[in-house]
Each structure stands twice: as structure tokens, then as C-alpha cells.
Amino acid sequence: MNLVLAENYEELSRIGAGIVSDLIAAKPDAVIVPATGNTPMGLYRLLGTEHERGTLDASRVRVFQLDEYLGVPPGDGRSLYGWMLRSFIEPLGIPGENVVSLPWQESEVAAGCAAYDRALEAAGGFDLALLGLGPNGHVGFNEPPSSPESPTRAVDLTEESITSSATYWGGRDTVPRRAVTAGMGSLLAARHIVLLASGEHKRDILQRALTGPMTPDVPASYLRLSPNFTLLADRAAWPGGETENVRRET
């Protein structure tokens with residue numbers, strides 16, 4: 001594992017944007033699965049600024065959706081596809097035909113997940129999985145318990161995820177109870193994995209993911225299996241210990 005420790009959220013965003021822009025420069029048709037949530041928004045804004053300045057050409061980048069609430073159509077303002085569109089795809093000038101979405105209707109889950117996986121296989125897998133850390137250790141919506149072989153699928157949201165989504169949805173009662181997610185198996189096979197963690201409220205779960213047992217009860221703990229896993233955290237989220245780039249054997 002590589003650890004990159006930022007002083008604050010602004011530096012985390014700047015470093016994260018550099019990682020993504022460097023990857024696109026090296027591989028203009030990179031396959032990226034980007035997280036939504038609050039943490040990556042700063043780095044996405046910086047990437048959008050690069051695109052506006054003409055210093056970042058993402059027109060050949062291929063994007064796969066990470067997760068979605070079931071029953072929420074793309075036109076709904078709370079759709080995660082719409083969030084990804086507004087924060088990442090449109091600001092970077094990525095053509096719509098380069099985007100692979102997840103199904104949002106319960107009746108289409110089986111066929112939609114199979115089509116998603118076929119498209120991912122045809123694309124050669126993820127070059128970059130850019131992930132956030134859920135309050136219970138989920139990545140995407142790979143809720144506990146999730147094994148490292150978990151496929152692209154529908155899941156029941158845990159109480160922790162429902163609570164953490166309540167502000168976004170305007171209250172617990174309106175949060176969907178089911179979602180669909182890219183599987184742990186596909187994410188762990190990514191050629192580069194970057195996990196973003198910001199804020200003191202992430203410290204405890206980050207410590208469990210990094211130093212506790214690798215377990216389905218903390219899906220993010222399996223990221224330590226990847227030889228290409230980078231943790232990008234700010235000091236508020238970092239639980240302590242080593243503060244330089246390290247390689248952890250797992």
C-alpha cells in the first residue's frame with residue numbers, strides 16, 4: 001500500500017487531481033470508475049478547471065458508473081448517475097457515448113449488471129478505481145458483508161448507509177433501501193486503486209480498514225490485497241502511525 005498524507009482537504013484534492021490528470025495524459029482512453037459523495041468533489045472541480053483551460057483532454061476517457069440507488073431515474077436530481085454527470089463527466093468534456101451506466105430499475109438489475117460486466121470486460125477492466133470510504137467500510141455500495149469476489153449486483157443498504165445518506169435525501173424516510181454497485185471483484189482487479197479519506201469522522205473506520213482483519217464486515221479492508229492500492233488521506237482522517245509513503249505486505 002502507498003500512503004499519501006495531505007495536510008488538509010485542499011491539498012488532498014490537488015494531489016488527487018494530479019493523479020487522475022497524470023493517468024489521462026499517460027493513457028488518454030483510460031477506463032475510470034469515479035466515486036460520488038462529498039470527498040472527491042474538490043478534485044473533480046480542479047479537473048474541470050484544467051479542462052476549461054485546455055490543459056486536460058479527457059475526450060477519450062471511458063467512464064463506468066460505480067453505484068446507484070434503485071428506483072431513482074437518471075433525471076431525478078438525487079440520482080448518482082446525475083451527480084456523476086454534473087460533477088465529473090460534463091466538467092471534463094467526456095462524451096456521453098463513453099459512459100457505461102448501471103441499471104436503476106429493480107426489474108432490469110440482472111440484465112443490466114450482466115451488460116455492465118460485459119462492457120467492462122470488453123474495455124479491458126478498470127485502469128483507475130477512485131473510491132470513497134463509507135461509514136461502515138463500504139466502497140461503492142459493497143455493503144457489509146461483502147467478500148472480495150462480490151459481483152456487480154443489487155444490495156440492501158445498511159442502517160449506517162441510510163443514515164449517512166439522510167442529509168442528501170432530506171431525511172431517513174426518503175432514502176431508498178436498495179442500490180446497485182460495481183462488485184468488489186471488479187474494483188480489486190483495477191490497475192490502480194485510490195481510496196480518498198477526509199475528515200475526522202472517517203478516522204475510526206479508516207483505522208479498521210487499514211489495520212484490522214481483512215473481513216467482509218469491512219469491505220474496504222480488502223483493498224489491501226491490491227498491489228496497486230494508494231490511500232490518499234488528510235491529517236484529520238489519518239489514524240496515526242507512519243506518515244510517509246509505505247508499502248504494506250498483506
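Arginine 235 is partly exposed, with a relative accessible area of 41%; here buried means under 20% relative accessible area, exposed over 50%, and partly exposed in between (1.4 Å probe, protein chains only). Welcome to a predicted model, in which local features need pLDDT of at least 70, side-chain atom pairs count only at pLDDT 80 or more, and totals for chains, interfaces and linings use all residues. Residues are numbered from 1 along each chain as its sequence is written, and side-chain values use heavy atoms, leaving out hydrogens and water.

Let us start with the charged pairs. The whole structure holds nine salt bridges, each defined as a side-chain nitrogen of Lys or Arg within 4 Å of a carboxyl oxygen of Asp or Glu. The table shows some of them.

| Salt bridge | Closest N and O atoms |
|---|---|
| Arginine 235 and glutamate 7 | 2.8 Å |
| Lysine 27 and aspartate 127 | 3.0 Å |

Arginine 235 sits in the segment after β10 (229-234) and glutamate 7 in the loop between β1 (2-6) and α1 (9-26), so their pair ties together parts 228 residues apart in sequence. Helices (H or I, at least four residues) and strands (E, at least two) are DSSP runs, numbered from the N terminus. Glutamate 7 is partly exposed at 47% relative accessibility.

Lysine 27 is also partly exposed, at 28%, while aspartate 127 is buried, with a relative accessible area of 3%. Salt bridges with shared partners join Lys27, Asp127 and Arg191 into one network.

Next come two helices. The axes of α2 (residues 41-53) and α3 (residues 80-89) come within 9 Å and cross at roughly 50°. Axes are lines fitted to C-alpha atoms, for helices over the stretch in contact, and angles run from 0 to 180 degrees between N-to-C directions. Therefore α2 is oblique to α3: angles under 35 degrees count as roughly parallel, over 145 as roughly antiparallel, 65 to 115 as roughly perpendicular, and the rest as oblique. Met41, Tyr44 and Leu47 in α2 meet Trp83, Ser87 and Phe88 in α3, where contact means heavy atoms within 4.5 Å.

Finally, there is an open sheet of three strands, in the order β4-β8-β7 with antiparallel pairing; two strands pair if DSSP finds at least two bridges between them. β4 and β8 (residues 178-181) pair over three bridges, and glutamate 68 has valine 180 in β8 as its bridge partner.
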